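Colleague: Could you take a close look at one residue in this model for me, and then walk me outward from there to the rest of the chain? I'd like the local picture to come before the totals.

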Amino acid sequence: MSAMHRIYVLLLLSMSVLFSHAQQLVGTVFDAESGERLPFVNIKLDGGKVVTCDGEGNFSISEKSGAYRFICVGYKSQTVRPTNNSQRLIVKLQPQVGELT
């Protein structure tokens, strides 16, 4: 294998590693009725890991999961299953009326 061929193969492998880590699921969580951002919403991934939104309702998740469950006190939880090419999510949680579950 020539030196140029080795460099080309190394470059391709490096790029594939960079792109595999670069894909993140990002988004924002809102109150479905008022449109206000919801801070500190918990997002439960398959396998039990929990990620929390920041103070403005923004999140960034680098782990792949089949489903993401958004949980916030006073709101109905919502499970989202993004498509393969989804990279930006807007999640709107409905207020919970009545008893908390």
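Colleague: Start with phenylalanine 40, please: is it buried or exposed, and where does it sit?

Modeller: Phenylalanine 40 counts as exposed, because its relative accessibility is 55% and the cut-off for that label is over 50%. Keep in mind that this is a predicted model. As for its place, phenylalanine 40 is in the loop that runs between β1 (25–31) and β2 (42–45). The backbone there deserves a glance too: phi of phenylalanine 40 is near 60 degrees, which is a positive value in a residue other than glycine.

With a relative accessible area of 5%, phenylalanine 59 is buried, and its place is in strand β4, residues 58–61. Leave out the neighbours within four places in sequence, and phenylalanine 59 is in contact with Leu25, Val26, Gly27, Thr28 and Val29, along with Ile43, Cys53, Phe70 and Leu89. Proline 39 makes a handy reference point here: phenylalanine 59 and proline 39 are 20 residues apart in sequence, and their C-alpha atoms are 9.8 Å apart in space.

Strand β1 also holds aspartate 31. Not counting residues up to four places away in sequence, aspartate 31 touches Glu36, Leu38, Tyr75, Leu93 and Pro95. Glutamine 94 shows how the chain comes back to this spot: aspartate 31 and glutamine 94 are 63 residues apart in sequence, yet 6.4 Å apart in space, C-alpha to C-alpha.

On to charge pairs. Side chains of opposite charge can pair when their charged atoms come close. Searching the whole structure turns up 1 salt bridge. Glutamate 63 forms a salt bridge with lysine 49, and the closest N and O atoms are 2.6 Å apart. That pair links distant parts of the chain, with glutamate 63 in the loop between β4 and β5 (68–71), lysine 49 in the loop between β2 and β3 (50–52), and 14 residues separating them. Glutamate 63 counts as partly exposed at 31% relative accessibility, and lysine 49 is partly exposed as well, with a relative accessible area of 41%.

Setting aside residues up to four places away in sequence, arginine 81 touches Gly66 and Ala67. Tyrosine 68 is 13 residues from arginine 81 in sequence and 6.4 Å from it in space, C-alpha to C-alpha.

Tyrosine 68 also leads us to the pocket. Rolling a probe the size of a water molecule over the atoms shows where empty space is left. The largest pocket holds about 250 Å³ of space. Its lining is made up of 15 residues, and those nearest the centre are Lys64, Tyr68, Thr83, Asn84 and Ser86. By class, the lining of the largest pocket divides into 9 polar, 4 nonpolar and 2 charged residues.

Now zoom out to the chain as a whole. The protein chain has 1 helix and 7 strands, and from the N terminus on the elements run α-β-β-β-β-β-β-β. Take the contacts between residues at least 6 apart in sequence, and 45% join residues at least 24 apart. The accessible surface of the protein chain comes to about 7,200 Å², with 56% of that belonging to carbon and sulfur atoms.

Methods. Residues are numbered from 1 along each chain as its sequence is written. This is a predicted model: local features need pLDDT of at least 70, side-chain atom pairs count only at pLDDT 80 or more; totals for chains, interfaces and linings use all residues. Side-chain values use heavy atoms; hydrogens and water are left out. On a 1 Å grid over the protein atoms alone, a cavity is a set of points where a 1.4 Å probe fits but cannot get out, and a pocket is an open set with protein on both sides within 12 Å along at least five of seven lines; lining residues have an atom within 4 Å of a point. Grid points are joined across faces, edges and corners, and a volume is the space filled by probe spheres set on the points. Ala, Val, Leu, Ile, Met, Phe, Trp, Tyr, Cys and Pro count as nonpolar, Asp, Glu, Lys and Arg as charged, and the others, Gly among them, as polar. Helices (H or I, at least four residues) and strands (E, at least two) are DSSP runs, numbered from the N terminus. Contact means heavy atoms within 4.5 Å. Accessible areas come from the Shrake-Rupley method with a 1.4 Å probe; for residues, only the protein chains shown count as cover. Buried means under 20% relative accessible area, exposed over 50%, partly exposed in between (1.4 Å probe, protein chains only). A salt bridge is a side-chain nitrogen of Lys or Arg within 4 Å of a carboxyl oxygen of Asp or Glu.
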